[in-house]
Amino acid sequence: MSVRLADEPIAAERELAELTAGLTGEGAVVSFLGVARARSPEGEEVERLLLEHHPRLTMRSLEEIAASASERFGLSSLRIVHRRGAVAPGETIVFAAAAAVHRRAAFDAVDYMMDRLKTDAVFWKREDMREGSNWVEPSEEDREARARWSEAPCPE
Amino acid sequence: MPATGGKGIVRIGFFGRLRDALGDECEVPAERGETVARLRTRLAGLHPGAAGDLLSPGVRAFVADEAVGEDFLLAGQERVEFLPPLSGG
């Protein structure tokens with residue numbers, strides 16, 4: 001399990017190569033890139049995205065999400081690399097990848113990690129436009145996506 | 001250690017939109033028997049422009065990296081952090 005914060009652009013090919021180099025017979029690797037959009041939801045041109053983090057709670061949240069994914073989907077290997085600080089439109093914000101024996105677990109694990117990252121990762125995102133800034137909060141769609149993975153208590 | 005009539009200092013850390021408004025950190029003299037709720041009210045009085053966020057239930061208080069409730073009693077030495085709603089990654 002590899003989780004880290006990155007100050008510089010993420011080299012996705014290298015991250016994927018490092019993950020696959022450590023495989024020990026798994027049959028499936030799924031990776032996902034989240035990329036900074038050039039426009040806000042309101043259609044304004046975004047000059048940069050600022051990803052503010054907490055010095056300890058951010059890594060704790062990423063590690064918890066990774067550990068949960070690993071346990072839930074029986075992963076043999078996973079990797080999360082997340083940018084912090086200023087991110088330009090078109091740059092990768094997050095790289096998330098999972099390796100598993102079979103493909104379904106790998107697909108589901110990355111889907112799960114991204115839904116959790118979009119709502120539970122300790123970041124504050126600010127879109128800086130030519131005029132003005134906007135602090136971002138998860139959308140209703142993000143919250144609904146996160147809720148798909150909630151574990152309802154078993155009836156007695 | 002309990003506050004001794006204002007001799008202690010409470011350090012307060014801000015994140016997200018609160019950091020934009022108030023900076024990374026500020027310090028206020030400790031008040032004996034102060035709760036998180038009372039500290040919020042005191043800060044809101046000092047920074048009326050950020051009062052809406054400081055008093056918002058969506059802005060959570062943390063001490064020693066753990067979320068604390070509004071009735072959490074401050075000892076007058078700690079750093080209290082106010083975390084606005086998360087944006088996610």
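**Two chains, two open sheets**

Let me begin in chain B, where strand β3, residues 60-63, and strand β5, residues 79-83, are joined by four bridges and run antiparallel. This is a predicted model, and I will ask you to keep that in mind throughout.

Staying with that pair, B:A61 of chain B has B:F82 as the residue opposite it in β5(B). On the other flank, β3(B) is joined to β4(B) by three bridges, again in the antiparallel sense, and there B:A61 stands opposite B:V68. The hairpin that β3(B) and β4(B) form has two residues between its strands, and in it B:A64 adopts a positive phi near 50°.

Now for the other neighbour of β5(B): strand β1 of chain B, residues 9-14, runs parallel to β5(B), residues 79-83, and four bridges hold the two together. One of the positions I would point at on your screens is B:R11, whose bridge partner in β5(B) is B:R79.

Put together, these pairings belong to an open sheet of five strands in chain B, ordered β2-β1-β5-β3-β4, with mixed pairing. The edges are taken by β2 (25-29) and β4 (66-68) of chain B, each of which has a single partner strand, so that one side of each is left without a neighbour in the sheet. From one strand to the next, the twist in this sheet averages 35°.

As for chain B as a whole, its secondary structure amounts to three helices and five strands, and along the sequence these follow the pattern β-α-β-α-α-β-β-β. Its radius of gyration is 12 Å, which agrees with the value near 12 Å that a compact globule of 89 residues would have. The C-alpha trace spans about 40 × 25 × 20 Å along the principal axes of chain B, and 34% of its 89 residues count as buried. Of the contacts in chain B with a separation of 6 or more, 61% are between residues 24 or more positions apart.

Let me turn to chain A, which has four helices and eight strands, arranged from the N terminus on as β-α-β-β-α-β-β-β-α-β-β-α. The radius of gyration of chain A is 16 Å, close to the 15 Å that the globule rule gives for 156 residues, so chain A is as compact as a globular protein of that length. Its C-alpha atoms fill a box of roughly 50 × 45 × 30 Å along the principal axes, and buried residues make up 33% of the 156 residues. Contacts between residues at least 24 apart account for 74% of those in chain A that join residues at least 6 apart in sequence.

Chain A, too, contains an open sheet with mixed pairing, here of four strands in the order β1-β4-β6-β2. Its edge strands are β1 (2-6) and β2 (28-35) of chain A, each pairing on one side only, and on average neighbouring strands of this sheet are turned by 10° against each other, direction ignored. Within it, β1(A) pairs with β4 of chain A, residues 77-83, in the parallel sense over five bridges, and A:A6 is found opposite A:R83 in β4(A).

Which helix of chain A packs on the sheet touching β1, β4 and β6? That is α2, residues 57-73, whose direction makes about 155° with that of β4(A). Helix α1 of chain A, residues 12-21, lies across β2, β4 and β6 (92-100), running at about 20° to β6(A).

Just after α2(A) comes A:G74, with a positive phi of about 60°.

Finally, where the two chains meet, 11 residues of chain B are in contact with 21 residues of chain A. On the chain B side, the residues that touch chain A divide into four nonpolar, four polar and three charged.

Notes:
Residues are numbered from 1 along each chain as its sequence is written. Chains are lettered from A and ligands numbered from 1 in the order in which they are written. This is a predicted model: local features need pLDDT of at least 70, side-chain atom pairs count only at pLDDT 80 or more; totals for chains, interfaces and linings use all residues. Two residues are in contact if their C-beta atoms, placed from the backbone, lie within 7 Å. Ala, Val, Leu, Ile, Met, Phe, Trp, Tyr, Cys and Pro count as nonpolar, Asp, Glu, Lys and Arg as charged, and the others, Gly among them, as polar. Two strands pair if DSSP finds at least two bridges between them. Axes are lines fitted to C-alpha atoms, for helices over the stretch in contact, and angles run from 0 to 180 degrees between N-to-C directions. The radius of gyration is taken over C-alpha atoms; the globule rule is 2.2 Å times the number of residues to the power 0.38. A residue is buried if 20 or more other C-beta atoms lie within 10 Å of its own, exposed if 12 or fewer, and partly exposed in between; C-beta atoms are placed from the backbone.
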